Amino acid sequence: MRVTVKLYATLSDYLPAGSKNNRIDVEVADNLAVNAVLAPFSLPPKLTHLVLLNGVFIPADERASTNIKEGDVLAIWPPIAGG
Amino acid sequence: MGWNKKVLRVNLTAGTCIAEPLNMAWANDYLGSRGLATKYLVEETDPKVDPLSPENKMIMSTGPLTGTMTSTGGRYTVVTKGALTGAIACSNSGGFFGAEMKFAGWDMIIFEGKSPKPVYLFVENDKAELRDAAHLWGKTCWETEATIKASHQDPLIRVSSIGGAGENLALYAGIVNDLHRAAGRSGVGAVMGSKNLKAVALRGTQGVSGIKDFAAFMTAVNAGKKVLAENAVTSQGLPKYGTQVLMNVINEMGALPTRNHRDVQFEEAGKISGEAMHEKRATDGKTHLVTNAACFGCTIACGRISRIDETHFSVKNSPKYWGASGGLEYEAAWALGAANGVGDLEALQYANLLCNEHGMDPISFGATVGAAMELYELGILSKEQIGIDAPFGSAEALCKLVEMTAHGEGFGKELGMGSARLCAKYGRPELSMSVKSQEFPAYDGRGIQGIGLAYATSNRGACHLRGYTVASEVLGIPVKTDPLATEGKPELVKAFQDATGIFDSAGICVFTSFAWTLADVQPQLQAACEGDWSMEKLHLVGERIWNMERQYNLAAGLTAKDDDLPPRLKTEAAKTGPAKGMVSGVEKMMPEYYKVRGWSPEGVPEKATLERLGL
């Protein structure tokens, strides 16, 4: 199935060359967990801070047990803030 | 004693500048800056005063940590009755002006009355005098600063001034210092303009004296800086991407107010994000962002210094805008961009430059343009009335309207009233996205429920910085809470509001709170200031300040009815994103908020609450 992975701020360095708009569509096996989808990107755990699945925060201890489905969007940020 | 214990009282009517001792009993109860200046305003003015009358006072105030080696210790606050809101106004600014006031030997400057002619205040250490400003009236903030420095032959003078917006009494005019830092919100610049006070110019060479225990202070300061340096947000995230990095986050969460809050996600958010500031432009191959920048004493350095595309339609014939200058920050980029549906980063930078140059709050200006664009789309305002076609998404309209508002020309005068008065004038008051007539910042109360309550209850009108629950609801600081839940939010909002009162009143930047808790601030205050500054006392003082501001607003005539969000947030559900189908639960949360505050169901502090707080 096809899902979208978006990597923002310094994590954009971990997107394949040629990726645009901080995103890439990837083909993955069915019933994969969030962590498994992200594994090929080799993101440093300390920088895998804010993980949103379709805009909803997934806590670190739920990323191995939360499965994704066709068309889902995973968006990841390192520690950031604003105001 | 982090205080200089000295107040400068400037009577603009009489033309006098008189030194007086700081009321140390009040300092002991209200700390400094926001809290202490509000105490002075409460004691010295009638809350029912017309904000633009000579009877209103305007206070520029530092905190005990302002000018010290504490990280971010450069803040100052402007406290007055707000021209935009008719409520208590306290607008906080960074840069270098606040520290200079401390170096000149003063804790605060109280302006009262109204000058018969334009003047500026010049302070050089103990000397203070009002000087004629006829040659400055009509000049921009940038020109004013340069002219004052040149005429005194001293480039180290620090200047806060108003531009055309303040002179023309645009109700969201701000006061700009150090070219692109501003006490921007609630119309403090209009109050300054109403007093014929063009600028305040400071030169201080006395440093900061009177730290109670230097050794303990430096130990505490260094410990605090270590925390900031080891925190990924304050040492990496903010300096590299600035606040604007939130654009994609908040959009992804479905809480980015778009087109006057019609939508909660902006399809062009990526184009106006912190990441976009790092991308090379197709036209000249340069990135928008030139460098980051820090205010006085700051070890975070979140500020943005950018360079606009010289070929952009807004500036191609105006070389004066081609140099590097301040912006964009998240709030300005949102208000000038998503709020209007404009995804042209260069147009946003141009509008932001003009807000800095002429002294306007970009949040209220941008959001008011959003309201005007909706009135245009509904056929209520015409091209002839506005002076240009103004559909959502028009960068041309944004750039034209910022010029008109900055100069007080044509429809710009109406935009200068703010969205509440504009929408009321044209028979659609519900289209103003504001609380207490002050426009919302960049978070939607449907997708982030706690911030909606924080907006509704903010003493200075809609504001994210009175209680930044986004830190918890979005970023997980200090703990993650569910942004879509209403349960527990009244307590969360209260906790953020009370703690923020301490950060503001100490003279430090609230952005330190991404890494610091009050427990990191407390040892710094305790070492700097005489008296007891225990955690217990800080919690009490923070809550006291909030309730004092509330009492001022109630005396000014505001009621529980003013603690509300516009109908759109309560009846029109979010169309997309995680909050799809949801409205704000502000009405559900409000009774509980009043209860945890110790207020009556009508939002009035109970007698026992006031007694507990010493009010």
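Is helix α14 of chain B mostly covered or mostly uncovered? Of its 13 residues, 10 are buried, and the helix is thus described as mostly covered. Here a residue is buried if 20 or more other C-beta atoms lie within 10 Å of its own, exposed if 12 or fewer, and partly exposed in between, with C-beta atoms placed from the backbone. Helices (H or I, at least four residues) and strands (E, at least two) are DSSP runs, numbered from the N terminus.

The model is a predicted one, in which local features need pLDDT of at least 70, side-chain atom pairs count only at pLDDT 80 or more, and totals for chains, interfaces and linings use all residues. Residues are numbered from 1 along each chain as its sequence is written, while chains are lettered from A and ligands numbered from 1 in the order in which they are written.

Helix α14(B) covers residues 395–407, and because 13 residues at 1.5 Å a residue should span 18 Å, the 19 Å between its end C-alpha atoms agrees with expectation. The expected span is 1.5 Å times one less than the number of residues. The buried residues include A395(B), L398(B), C399(B), V402(B) and A406(B), and also K400(B). The buried residues of the helix pack against α5 (164–167), α10 (330–336), α11 (345–358), α12 (362–377) and α15 (411–415) of chain B. Just after the helix, G408(B) adopts a positive phi of about 65 degrees.

One of these partners can be followed in detail. The axes of α11(B) and α14(B) come within 9 Å and cross at roughly 5 degrees, which makes α11(B) roughly parallel to α14(B). Axes are lines fitted to C-alpha atoms, for helices over the stretch in contact, and angles run from 0 to 180 degrees between N-to-C directions. Angles under 35 degrees count as roughly parallel, over 145 as roughly antiparallel, 65 to 115 as roughly perpendicular and the rest as oblique. From α11(B), the residues A347(B), Y350(B), A351(B), L354(B) and H358(B) meet A395(B), L398(B), C399(B), V402(B), E403(B) and A406(B) of α14(B). This contact has 9 nonpolar, 1 polar and 1 charged residues. Two residues are in contact if their C-beta atoms, placed from the backbone, lie within 7 Å. Ala, Val, Leu, Ile, Met, Phe, Trp, Tyr, Cys and Pro count as nonpolar, Asp, Glu, Lys and Arg as charged, and the others, Gly among them, as polar.

Helix α7 (residues 214–230) and helix α20 (residues 518–528) of chain B have axes that come within 8 Å and cross at roughly 160 degrees, which makes α7(B) roughly antiparallel to α20(B). In α7(B), A216(B), F217(B), A220(B), V221(B), G224(B) and V227(B) meet D520(B), P523(B), Q524(B), A527(B) and A528(B) in α20(B). By class, 8 nonpolar, 2 polar and 1 charged residues take part.

Helix α2 (residues 33–44) of chain B packs on helix α19 (residues 489–506) of chain B at an angle of about 85 degrees, with the axes 5 Å apart. That makes α2(B) roughly perpendicular to α19(B). S33(B), R34(B), G35(B) and L36(B) of α2(B) make the contact with G501(B), D504(B) and S505(B) of α19(B), a set with 1 nonpolar, 4 polar and 2 charged residues. Because 9 of its 12 residues are buried, α2(B) is largely enclosed by the rest of the structure. The buried residues of α2(B) include R34(B) and K39(B).

C463(B) lies in the loop between α17 (449–457) and α18 (470–473) of chain B, and C463(B) is buried, with 25 other C-beta atoms within 10 Å. Leaving aside neighbours within four places in sequence, C463(B) contacts R185(B), Q438(B), P441(B), Y455(B) and S458(B). V470(B) is found in helix α18 of chain B and is buried, with 27 other C-beta atoms within 10 Å. With neighbours within four places in sequence set aside, V470(B) is in contact with Y443(B), I448(B), I451(B), H464(B) and L475(B).

Finally, the contact between the chains takes 21 residues from chain A and 28 residues from chain B. On the side of chain A that touches chain B, the elements giving two or more residues are β3 (50–53), β4 (56–57) and β5 (73–77) of chain A. The residues of that side divide into 13 nonpolar, 8 polar and no charged.
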